[in-house]
Amino acid sequence: MATPPPPPEEPRSGPRPSPWARARRNAAEEEGDMDMTPMVDVTFLLLIFFMITAAFALQKAIAVPPVKDDDSAPTQSIDELEEDSIIVRLDGDNVYWVMCPAWTEEVKAPSRQDMRNLVRAARKGQMPDGAAGSSGGYRKMLVQASGDATHEFVVSALDAGSGAGVEEIRLMSVEDEY
């Protein structure tokens, strides 16, 4: 038996879509997901860019020798520590007071720069006003910091001693009695 002929096509209004347009429309209908590869590539490029351009700040550090287990800490009184040392006292209001055995009284340093200058003068054996002193200078420094003092100011005092060439720097935490 013969197959019946197909029904005649109804005439369409407007132009017929091109084969390329039909292929694009079919691909979009078949694939509903977006291609994430370009987005992942851009993300990795940004990550690499920020890793390379990040500025890493170099920090100054004070070398602290490791403690040996067999060494016990020597006990010293405050008077023994202050005996031949430059003393930088930092009170709870972050005000520096500098003293050394050759000076007759403690000198107030209103700024960090003044404190650095006083520590340098004491290290060289000079008086606070810059006049030559009777001693050859001091190689030890004791920083007495109040528990209420800001860490930044304590580190500035330690740096001042290191910058002045002080060989032995000690840090002591004290309660404000002043």
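**Notebook: a look through a predicted model**

I began with M34, which is exposed because its relative accessible area is 65%; here buried means under 20% relative accessible area, exposed over 50%, and partly exposed in between, worked out with a 1.4 Å probe on protein chains only. I placed M34 in the loop between α1 (19-30) and α2 (37-53), where helices (H or I, at least four residues) and strands (E, at least two) are DSSP runs numbered from the N terminus.

Before going on, I noted that this is a predicted model, in which local features need pLDDT of at least 70 and side-chain atom pairs count only at pLDDT 80 or more, while totals for chains, interfaces and linings use all residues. I also noted that residues are numbered from 1 along each chain as its sequence is written, and that side-chain values use heavy atoms, with hydrogens and water left out.

**Entry: the surface patch**

I found that M34 belongs to a nonpolar surface patch of about 750 Å², made together with M36, M39, V40, F44, L47 and M51. Patches consist of residues with over 30% relative accessible area and no salt bridge, with like charges joined within 9 Å and nonpolar side chains (Val, Leu, Ile, Met, Phe, Trp, Tyr) within 5 Å; the areas come from the Shrake-Rupley method with a 1.4 Å probe, and for residues only the protein chains shown count as cover.

**Entry: the overall fold**

I counted five helices and five strands in the protein chain, and read along the sequence they follow the pattern α-α-α-β-β-β-α-β-α-β. Of the 178 residues in the chain, 24% are buried.

In soluble globular proteins, nonpolar side chains tend to be buried together. I looked up the largest nonpolar core, which has 26 residues, and those with the most contacts inside it are I86, V88, Y96, V98, W103, M115 and M141. The elements giving two or more residues to this core are β1, β2, β3 (107-109), α4 (112-124), β4 (140-146) and α5, and the largest share, five residues, comes from α5. A nonpolar core is a set of buried Ala, Val, Leu, Ile, Met, Phe, Trp, Tyr and Cys residues joined through side-chain atoms within 4.5 Å.

**Entry: aromatic rings**

How many aromatic pairs does a search of the whole structure find? I recorded two aromatic pairs, taking rings of Phe, Tyr and Trp (its six-membered ring) to pair if their centres lie within 6.5 Å, with planes under 30 degrees apart called stacked, over 60 edge-to-face and the rest tilted. The rings of F49 and F50 have centres 5.2 Å apart and planes at 70°, so this pair is edge-to-face; F49 is partly exposed at 46% relative accessibility, whereas F50 is exposed at 53%. The rings of Y96 and F153 have centres 6.1 Å apart and planes at 45°, so this pair is tilted. Because Y96 lies in strand β2 and F153 in helix α5, the pair ties together parts that are 57 residues apart in sequence. Y96 counts as buried, at 1% relative accessibility.

I then saw that R112 lies over the face of F153, at 4.3 Å from the ring centre; a charge sits over a ring if NZ of Lys or CZ of Arg is within 6 Å of the ring centre and within 35 degrees of the ring normal.

**Entry: salt bridges**

Side chains of opposite charge can pair when their charged atoms come close. I noted five salt bridges in the whole structure, each defined as a side-chain nitrogen of Lys or Arg within 4 Å of a carboxyl oxygen of Asp or Glu.

One of them joins D84 and K140, with the closest N and O atoms 3.8 Å apart. Since D84 lies in the loop between α3 (78-82) and β1 and K140 in strand β4, the pair ties together parts 56 residues apart in sequence. D84 is partly exposed at 33%, and K140 is partly exposed at 27%.

E106 and R89 form another, with the closest N and O atoms 2.8 Å apart. E106 is partly exposed at 30% relative accessibility, whereas R89 is buried at 7%.

Most residues other than glycine have a negative phi. I therefore marked N94, because its relative accessibility of 19% makes it count as buried, and its phi is near 60°, a positive value in a residue other than glycine. N94 lies in the loop between β1 (85-90) and β2 (96-99).
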